[in-house]
Amino acid sequence: MSDAPKGFPLPSSLKVVPGTEAAQAAYPYYTQFVPEDDERFWFYNSMHFPEPMHHFDMITAEAAYCALGAFNTRVHVLPTAKGIDHRIINGRVYIGGVAVTDPDEIAERVGEFQQRAFYYYENWETLYDQWKVKMKALIADAQALPVPTLPDYEPLETTHTGKGIAANHDLLKIYQQQVEGYHRMWHHHFEFLLLGYGAYMTFFDFCKKAFPEISDQAISRMVAGMEAEIFRPDEEVKRLARRAVELGVDAHFIDNADIDTVLADLDKVGSGGKEWLAELETSRNPWFNVSSGDGFYHYHRSWNDDLSMPFAALPGYIEKIKAGTNIERPTAQLIEEREALVADYRELLDTDEDKATYDQLIGLAHRVFPYVEGHKFYCEHWYTNLFFNKIREFGRLLLKHGFFGPDGVEEDVFHLTQFELESAIIDLMLAWSIGIDGRGPTYWPPIVAQRKAAIAEWALHDTPPALGNVPDAIDDPAINMLWGITRENLDKWLDDGSENDKELKGFAACSGVVEGTARIVKSVQEIGRLQQGDILVCQVTNPTWSPIFQKISAAVSDIGGSMSHMAIVAREYGLPAVVGTGKATSRIKDGQRIRVDGGRGVVTILDDEPVSEQPVLEEA
Amino acid sequence: MSDAVAWFADVGIADRPTVGGKGGSLGELTQAGIAVPPGFVVTTSAFEGFLEALEAREPVRTKVEALDPHDLGAATRLSEQLRARVMNEPMPGHVESAIMQAMRELCADGQPVAVRSSATTEDAEDASFAGLQDTFLWVLTPEDMALKVRECWGSLYSVESMTYRRKQDFPESGVAMAVVVQRMVDAMCAGVMFTRSPTTGDKSVITIEGAWGLGSAVVSGEVTPDRWVVGKITGDISVRDISDKHAKQVPAPGGGIVEVELEGADRTTPCLTDEQLLALREVGRKVERHYGKPQDIEWALDKAGDVLLLQSRPETVWSVKDAAAKPIADPTANPLAHVMNIFGGRK
């Protein structure tokens, strides 16, 4: 019924899945829904957190929203919006904006904003150079944190140097420094981000007014940078493919090979193999510090942790090189195309005034964009991966001291909240100092088991894309820019399925029409299932998936806007793509034939079998 | 050769007074290297010669000038009378032989032609002036062609045309008509193309409409055409509205056209492929660049799939609005002021 009032379920109507109450209660009190939350509008942050959250991983949400909110509310002082609030239920993170509506307060904030944000824009390059220095130093600090250890006896030098501090104290210090560093990284992350997106959106807005029917992707292509760090890992894989051919060791790279065996064989086959292994090391530092996921979960390992992604891509690249196909990224050509695009649209403007404004805005967008594209490598990939690996060191130590029981693994540490982990560390510090076993070995194993079960259970349940009544307008620039959420696409979510259950609409990310077999890939562990020519259907991708873009014929995602990384990479590869469909991974079944129209942003399910066979769990 | 005939390759838009808007435009396109079906124009001087002979027998122009545009009965009677005279008056010999000779040259292989009126004044392009019955398709013989030329001339004396001129107080001495004679394209599909959006005026897109068979089905509105929106610069196809095309117009065996019902997949299959859409876009851009302003184009694809233009004229609706348009954003010395559009809260 089109004229019935539409809304999403209220937060209070969302029930904790039976049997998981204890796991739900263990999330921090300030992230639990309360009755007053029914008054507000929330949406599921499936872009950043598409899977149920391990308790430790909530630190990513917490640190990110601490920093995002601080910059929006109090550092740059965005006039119409404060920070982003978050809640968690059944492992799913919901977020809500805080709009400023009082005109006097907005006016006051406009004054503050202009003194602050404008300073950033005016000094962008200097501040960004400074940012990179800061960020690299932060990474170096985190790398330098010692591995936490508890010796049976303190080394003699502790006594002889009069150090006066024992090893157990370092545990707390290291842990707190890790947490402090992670929070600091997220502050750096948001130092420029909203301002960068804002400058981009200003140009975007102008283009939409000047050219009402321009596609988002055309604007994105005008702004896209060419030298962003995020393309580099894929470039390194291509380089390694080229070197493998040059060194005559390409025969070692075949689909689904055991990576350890390949590496061991290369070490044995003479100078060519060894030289290639040395090239691999060069690529790994730092470029393989790129996460195979979006870097927000502890199990999004980097290429350095798990070489599956580059090794899945190598055989394809090698084959292409041997066939004489050029696999180089045509940077000069891409730049030329971008400049031509900018000039051609400019030519269509009627007046010199409009041309002058256009020049100003594209100039500003080009200035800020290197940050928007480049920061992810340092923040979400390199630092985040480093941080989780550092936490693993505590996992290993606690495991060794029996905290996860005889069948435990170091990964169990991620089932503890950050506060519980600190308490476990203090428990261990006490036990070591007292000279007895800690309480942890009996206390934690059942809790870890319970949470494992809860996460597995939660993953079986869909969750509504939003909660509460839809506001008339969503004026929060952060929510518009970072999540691509507007009033229009909320209406689309509400309409979803009521018109045509064979068709999904999303953002047109890269044009072209392709029909093929849908392959639902829910995590990076499943990428091996992709066959040449398949259509990738996933919740969200990021540029580290780009090496497999050579294998697929089109891409579809649940989440993302025209500037999402999937969209950027798809355009680089000329791969038809539709992003931000909301529900592609739940509506499309693995193996179904689908048609992707990347120019219109439409995905059509071609198979006749009823889509309702898909278990529909949401009761909304 | 007589000045009654001018070949496309020899005329341009500046020749409008003698070859009309359509003839001048087809000449201009030919000269710009854009594929149009070859042809010639029966110039206004041929018309003038004919009218002179007509006037010698009995006045024409003074009768039209004396017409009360609000007296529909009188206009109808005058129209019937003048059109009958146009049909019955023999064509001056040198004109008739020149145009028939031109057609034999144009269609040495006996191919048919289209005969279309080509008015000489700007406001004459208004449909209310030129009337709709001024295009004759699939004309097979030089004799028939000459007859259709005469009918085009006669359309100047349609009720709508005459009353329009009277309401505008347009001097009859300035009224003349050229006629385009052009090799007929046996179109696989045909339609129209605007080099800006007819709905939003956006100059960055090209709207293409088309259906199977001759373009007459689209232009006359007999068939709902397929419709696409293509990025002028990017080539992205952002809209694909494929319609149910119930019929197409095709050449009739004895000349003229006939409507054929379509069945099955033909009705819902898009009449253009993506490659063909992009080829049309290329041509549209080329024409727009040539004229320096957005165009309203009629096109056809021949049986080989090659694009041919049948007509191009400046888009008029949005260009009027453009002239009155305000800047998209108020100009400011500091680009950062624009950023407030995003951060300052939207209206």
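Me: Which residue stands opposite Ile594(A) in strand 12 of chain A?

Reply: In this predicted model, the residue facing Ile594(A) is Ile605(A). The two strands concerned, strand 11 (residues 593-597) and strand 12 (residues 602-605) of chain A, run antiparallel and are joined by four bridges.

Me: In what order do the strands of this open sheet in chain A lie?

Reply: The order is 5-12-11-7-8-9-10-6, eight strands in mixed pairing. Strand 5 (503-505) and strand 6 (507-510) of chain A have a single partner strand each, so they stand at the edges, with one side left without a neighbour in the sheet. From one strand to the next, the twist averages 30°.

Me: Which residues of helix 13 (residues 336-343) of chain B are buried?

Reply: As a general idea, an α-helix has 3.6 residues a turn, so residues three or four places apart point the same way. In the present case, His338(B), Val339(B), Ile342(B) and Phe343(B) are buried. These residues lie on the same side of helix 13 of chain B, because they cover an arc of only 150° around the axis.

Me: Against what do the buried residues of helix 13 of chain B pack?

Reply: They pack against four helices of chain A: helix 3 (103-122), helix 6 (167-210), helix 13 (352-400) and helix 16 (477-483).

Me: How many residues does the contact take from each chain?

Reply: Chain B contributes 31 residues and chain A 42 residues. On the side of chain B that touches chain A, strand 8 (226-231), strand 9 (237-241) and helix 13 each supply at least two residues. Helix 13 of chain B gives the most, with six residues.

Definitions and conventions:
Residues numbered from 1 in each chain as written. Chains lettered and ligands numbered in written order. Predicted model: local features only at pLDDT ≥ 70, side-chain atom pairs only at ≥ 80, totals over all residues. Pairing = 2+ DSSP bridges. Axes fitted to C-alpha atoms, helices over the stretch in contact; angles between N-to-C directions. Buried ≥ 20, exposed ≤ 12 C-beta atoms within 10 Å, placed from the backbone. Arc of directions from axis to C-beta. Contact = placed C-beta atoms within 7 Å.
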